[in-house]
Amino acid sequence: MNNPKPSSLASLLKLEKGLREPQMEGKDVEYYFYEKYIDNKEDIKRKFYYALKPLIPRSLQLELRKRYVKIQSRTKFPAWPIETIIVDKVYEYLHNVILENNVDRVYRINFWPNKKRFAFIITHDVEWDSGLRHAPEIAKLESEFGFISSWNIVPERYPIDWK
């Protein structure tokens, strides 16, 4: 019997109607999509750090960031800098849909267009005006290679020419 309401994954992948969905073990993918695994204590520490950050000398900020990177690299989950659990869960789900429905393939929306295997995003965290001064030349270089990036700026920290 078909599920009356498709799961999050069936909706995300736009699976064809009429397929039986498998019972999946472990956490639902929404647990990972919405980062429900984040420890509130860690979130409080992070908020506290960012509240104090303007008062922390830059050299100490950099030292704290180096230490945090070491901690992140030892963490099993989420893996840093790339966590694959959502992709892994989706492939597991698709495999189980095929088994559950005894079919050779399942039609769905592909992850990346034109049979590409991955995507990446270029971001720039511009913490100071000295970094912002280099933005036009970096943006021009990226444009020459066909890239468009995201620029995250701190408008309270330095004057910004919005042009």
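User: Before that, what sort of model is it, and how are residues numbered?

Analyst: This is a predicted model, in which local features need pLDDT of at least 70 and side-chain atom pairs count only at pLDDT 80 or more, while totals for chains, interfaces and linings use all residues. Residues are numbered from 1 along each chain as its sequence is written, and side-chain values use heavy atoms, with hydrogens and water left out.

User: OK, start with H5. How many residues does H5 have, and how far does it reach?

Analyst: Helix H5 has 17 residues and reaches 24 Å from its first C-alpha to its last, which is close to the 24 Å expected at 1.5 Å a residue. The expected span here is 1.5 Å times one less than the number of residues; helices (H or I, at least four residues) and strands (E, at least two) are DSSP runs, numbered from the N terminus.

User: Which residues of H5 are buried?

Analyst: They are Lys-89, Val-90, Tyr-93, Leu-94, Val-97 and Asn-101, where buried means under 20% relative accessible area, exposed means over 50%, and partly exposed is in between (1.4 Å probe, protein chains only). Seen down the axis of H5, these buried residues fall within an arc of 135°, so they line one face of the helix; the arc is that of the directions from the helix axis to the C-beta atoms.

User: And what do the buried residues of H5 pack against?

Analyst: They pack against helix H1 (8-13) and helix H2 (29-33), with contact meaning heavy atoms within 4.5 Å. Asn-101 of H5 has a relative accessible area of 12%, and, leaving aside its neighbours within four places in sequence, Asn-101 is in contact with Leu-19 and Arg-20. H5 is then followed by Asn-102, whose phi is positive, near 50°.

User: Switching to charges: how many salt bridges does a search of the whole structure find?

Analyst: The search finds seven, a salt bridge being a side-chain nitrogen of Lys or Arg within 4 Å of a carboxyl oxygen of Asp or Glu. One of them joins the side chains of Arg-20 and Glu-100, at 3.6 Å from N to O. Arg-20 lies in the loop between H1 and H2 and Glu-100 in helix H5, so the pair ties together parts that are 80 residues apart in sequence.

User: Which others should I look at?

Analyst: Glu-127 and Lys-53 meet in a salt bridge of 2.9 Å, N to O. That pair links distant parts of the chain, with Glu-127 in the loop between E1 and helix H6 (129-133) and Lys-53 in the loop between helix H3 (40-52) and helix H4 (58-74), 74 residues apart.

User: Are Glu-127 and Lys-53 buried or exposed?

Analyst: Both Glu-127 and Lys-53 are buried, and a network of salt bridges links Lys-53, Arg-58, Arg-65 and Glu-127. By contrast in setting, Arg-133 and Asp-129 both lie in helix H6, four residues apart, about one turn of the helix, and their closest N and O atoms are 3.8 Å apart in the salt bridge. Arg-133 counts as exposed at 58% relative accessibility, and Asp-129 as partly exposed at 34%.

User: What about the nonpolar surface patch, which residues make it?

Analyst: Trp-112, Phe-118, Phe-120, Leu-141, Phe-145 and Phe-147 make a nonpolar surface patch of about 690 Å². Patches are made of residues with over 30% relative accessible area and no salt bridge, like charges being joined within 9 Å and nonpolar side chains (Val, Leu, Ile, Met, Phe, Trp, Tyr) within 5 Å; the areas come from the Shrake-Rupley method with a 1.4 Å probe, and for residues only the protein chains shown count as cover.

User: Last topic, the backbone: which peptide bond is cis?

Analyst: The bond from Phe-77 to Pro-78 is cis, with omega near -10°, and Pro-78 has its place in the loop between H4 and H5. Lys-14, in the loop between H1 and H2, has a positive phi near 55° although the residue is not glycine. Glu-35, which lies in the loop between H2 and H3, also has a positive phi, about 50°, and is not a glycine.
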